[in-house]
Every structure is written in C-alpha cells, then in structure tokens.
Amino acid sequence: MFQTAAGVTVPFPEQIKEQYRLDEDSLTLNLSFEKLADFIRAFYAVLDEPLFLAVHPDAEAHEVWYLDGMTPAQLSMLLDGYGELLYQDGLSSFAIGSLTTSEEIFVQKYKVISVYSPDIERFLPLLSRFGVARTNALTTVWDTFSPEHPGVAQRLVVDDMTIPDMIREMQKIGMYKG
C-alpha cells in the first residue's frame, strides 16, 4: 500500500499508485514514503556540482531559504542530520538541484514530487530502478481531496526540532533567505 509521510494525511491513499507523468522538460511522480530518502540520494548523486538545497518552511508561502555551493557529500551530511525532518514534515517543501545544469527535484506539499531537466529522459532509468511506472493519467494525492475529504498537512517535531528550528541552525553554515 502507498505510504505517506508522518505529517501528511490523505483521504484515499489506496487511489495513489507509484507512477509518473512525463511532460516536455519535467515529470511529476508519486513515490511511496519508504523510498523517498533513497530516491532523493540517487537523484542528486548524478547531478553536476555545485548543488543547492532550497527549503520552503510553509509550502503555501513565498518564503524560501537556500544553501548552495555544496558537493553531494556535504548534502548527504546535511540530510543525515535533517533529512528525516524534511521528509516527514507536512507543511514544508524542498528542492535539491544543480546550479550548473538547472536540474532539480522538488518535493512539494503532500510529498508530490516534480523533477525538472533539459534532458528529462536521463532520469527514466532511475524511475525504473525504483519501480515507478509511466502513465498518462497520473492521480496525485491532490486529486483525492474534496470539501468532504480534505488532506491534512501538519508541522512535525523530529528530534526536538521543527523546520523553522532547522533553518535557524542551517543559517550558521550559510543558509540565506531568497
């Protein structure tokens, strides 16, 4: 069964399948939560350096915080410490990408994922490796919402820290508001 992050509740998770829809230079995909961290690491492992992390503490607002100029090893160290919070929190969204190629993965509210690339087809083997099938009619969690059955996104505390706490900590190593 499709798993969601701890900070996310969807009314009909049985309607969600691990699938992706391919557009011109992007794709949108559903990925069950237990695969999210491994997929993100596999994605940025093939990106050209330098890498960036962008965090939207509230996915509905325009506030964005950036940490850039990183290597994959540096990004891995950050995600070793803060990844669980980023992956589980329901109110935030985040992106990881290459400053060189403009390729990016964007984990949106409710953990719907978008990938952007001028050569989007180079990521299709990665999707296959994670068992994500192609479809022309993608049903995301957003499609399951109605006034009677809304989705719920919650701010979480993981290891005594929230996303705003994480941003304050990361400012000490250069995170800045965009």
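Me: Does Lys 35 count as buried, exposed or partly exposed, and what is its relative accessibility?

Reply: This is a predicted model. Lys 35 counts as partly exposed, because its relative accessibility is 22% and buried means under 20%.

Me: Which side chain does Lys 35 meet in a salt bridge?

Reply: Side chains of opposite charge can pair when their charged atoms come close. Here, Lys 35 meets Glu 18, with 2.8 Å from N to O. Lys 35 lies in the loop between strand E3 and helix H1, and Glu 18 in the loop between strand E1 and strand E2, so the pair ties together parts 17 residues apart in sequence.

Me: How many salt bridges are there by this rule?

Reply: The count is eight. One of them joins Arg 122 to Glu 103, with the closest N and O atoms 2.9 Å apart. That pair links distant parts of the chain, 19 residues apart. Arg 122 is partly exposed at 34%, whereas Glu 103 is buried at 5%.

Me: Which residues of helix H4 are buried, and where do they sit around the axis?

Reply: An α-helix has 3.6 residues a turn, so residues three or four places apart point the same way. In H4, Ile 163, Met 166, Ile 167 and Met 170 are buried. They lie on the same side of H4, because they cover an arc of only 100° around the axis. Their cover includes strand E4, strand E5 and helix H2.

Technical notes. Residues are numbered from 1 along each chain as its sequence is written. This is a predicted model: local features need pLDDT of at least 70, side-chain atom pairs count only at pLDDT 80 or more; totals for chains, interfaces and linings use all residues. Side-chain values use heavy atoms; hydrogens and water are left out. Buried means under 20% relative accessible area, exposed over 50%, partly exposed in between (1.4 Å probe, protein chains only). Helices (H or I, at least four residues) and strands (E, at least two) are DSSP runs, numbered from the N terminus. The arc is that of the directions from the helix axis to the C-beta atoms. Contact means heavy atoms within 4.5 Å. A salt bridge is a side-chain nitrogen of Lys or Arg within 4 Å of a carboxyl oxygen of Asp or Glu.
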